[in-house]
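Try each task before you read its solution.

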Amino acid sequence: MNCIHCSPIEPIEDKGILKIRRASPSLASAVQASGFILKSFREEVCEISYSTREQLLNVMKLIESAKEAALLTISIIGTGAASELERWMSLSQLQVRFSNHSLIDIIANKEFCSYLQPIVDSSEKIVGFEFLLRPLQQGTPFQPHILFEVARESGFHSFLDRAARISAIESSAKLLPHGIKRFINFLPSSIYDPQYCLTHTFEAIEQQGLRPEDFVFEVVETEEIEDISHLTYIFAECRSHGAFVALDDVGAGYSTVEVMSSLKPDYVKIDRGLISFCDQDAGKQQAVKEIMERAGEFGGIVLAEGIERREEFQFCRELGIPLAQGYLFGKPAQAPPRHFLMQTEFVNME
């Protein structure tokens, strides 16, 4: 089974054919009247030849002015070998692709890596790491949230999300021993068919000789969770392979306490906005306690995110929150901290 959403991103060549689906006869006539070569027009599909990048951009401007522009889908075929799967996109997606070509190149060429941020228990022992997408050290710089936004707007978010998961899995195999939890983010909208879309993820875990039970896949807060049943299906598929699931940023944005109670994740990550100065804010303390109580109803393990002050950690620890993450314990880095590596080496020697 092949999936166009996760298939490799092919470059737009300077010469090829632009295909327009749902095109009207008036649009086809306008194309010809503007001097472009109309290869064919049948069953609402208009095929236009272009021989330079400038011509392609001019055709796009012509399409923009069409009454049905918002309804059209477009495919661009270069002069190279035809792709097994034809990628169709909206005009707006194509425009985003042209206006953000450097970021699209980063996505297409997988020019990124994974950084690790420590997760500690109540005694400050490192028990896991969250993997975060970052630019290559000598590569083109980018802001991760902007890269994902461009990926979403251009229709490449499934490709990027899957590639980021694989990058994190491969990095964890090189850097971490068995028994250390690996928290990896995913976008629910990138997983159309959980049984198929997650196959590559668990194949990568197996190929790297890793254990599924060391992985925690967490839903990021950047997307509204519109289909609880679909996300429940994703959670069930992860658990069927032996992995765990987490809900990120609980208590803010789309990750509400009600959503948490519906999904019943294995790990509940409290939003940094509630944790910041929670030792001094009665309102935040009440919200944190409510999350703790609701998570306790289904056995969710609670993790406090964004801890930067010792007082915040002390409050969370006294409240009974077992896990913590934040700059107090370490910033995202290319490798685990030195004290963790020394501890790991000692354990391995024993």
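**Exercise 1.** Is Phe 217 buried or exposed, and what is its relative accessible area?

*Solution.* The model is predicted. Start with the value: Phe 217 has a relative accessible area of 2%. Next, apply the cut-off: buried means under 20%. Phe 217 is therefore buried. Repeat the step for Phe 215: its relative accessibility is 0%, so Phe 215 counts as buried.

**Exercise 2.** Count the aromatic pairs, then classify the pair of Phe 129 and Phe 340.

*Solution.* Ring centres must lie within 6.5 Å to pair. The count comes to six aromatic pairs. Phe 129 and Phe 340 form one of them, at 5.1 Å centre to centre. Their planes stand 80 degrees apart. Over 60 degrees counts as edge-to-face, and that is the class of this pair. Now place the residues: Phe 129 lies in strand β7 (residues 126-135) and Phe 340 in helix α14 (residues 338-349), so the pair ties together parts 211 residues apart in sequence. Both Phe 129 and Phe 340 are buried.

**Exercise 3.** Classify the pair of Phe 215 and Phe 217.

*Solution.* The centres are 6.1 Å apart. The angle between the planes is 10 degrees. Under 30 degrees counts as stacked, and this pair is stacked.

**Exercise 4.** Which residues form one aromatic cluster?

*Solution.* The members are Phe 183, Phe 244 and Tyr 267.

**Exercise 5.** Which ring does the charged end of Arg 21 sit over, and where does Lys 331 lie?

*Solution.* Take Arg 21: its charged end sits over the ring of Trp 88, 4.0 Å from the centre. Then take Lys 331: it lies over the face of Tyr 327, 5.2 Å from the ring centre.

Technical notes
Residues numbered from 1 in each chain as written. Predicted model: local features only at pLDDT ≥ 70, side-chain atom pairs only at ≥ 80, totals over all residues. Heavy atoms only, no water. Helix = DSSP H or I, 4+ residues; strand = E, 2+ residues; numbered from the N terminus. Buried < 20%, exposed > 50% of the residue type's maximum accessible area, 1.4 Å probe, protein only. Lys NZ or Arg CZ within 6 Å of the ring centre and 35° of its normal.
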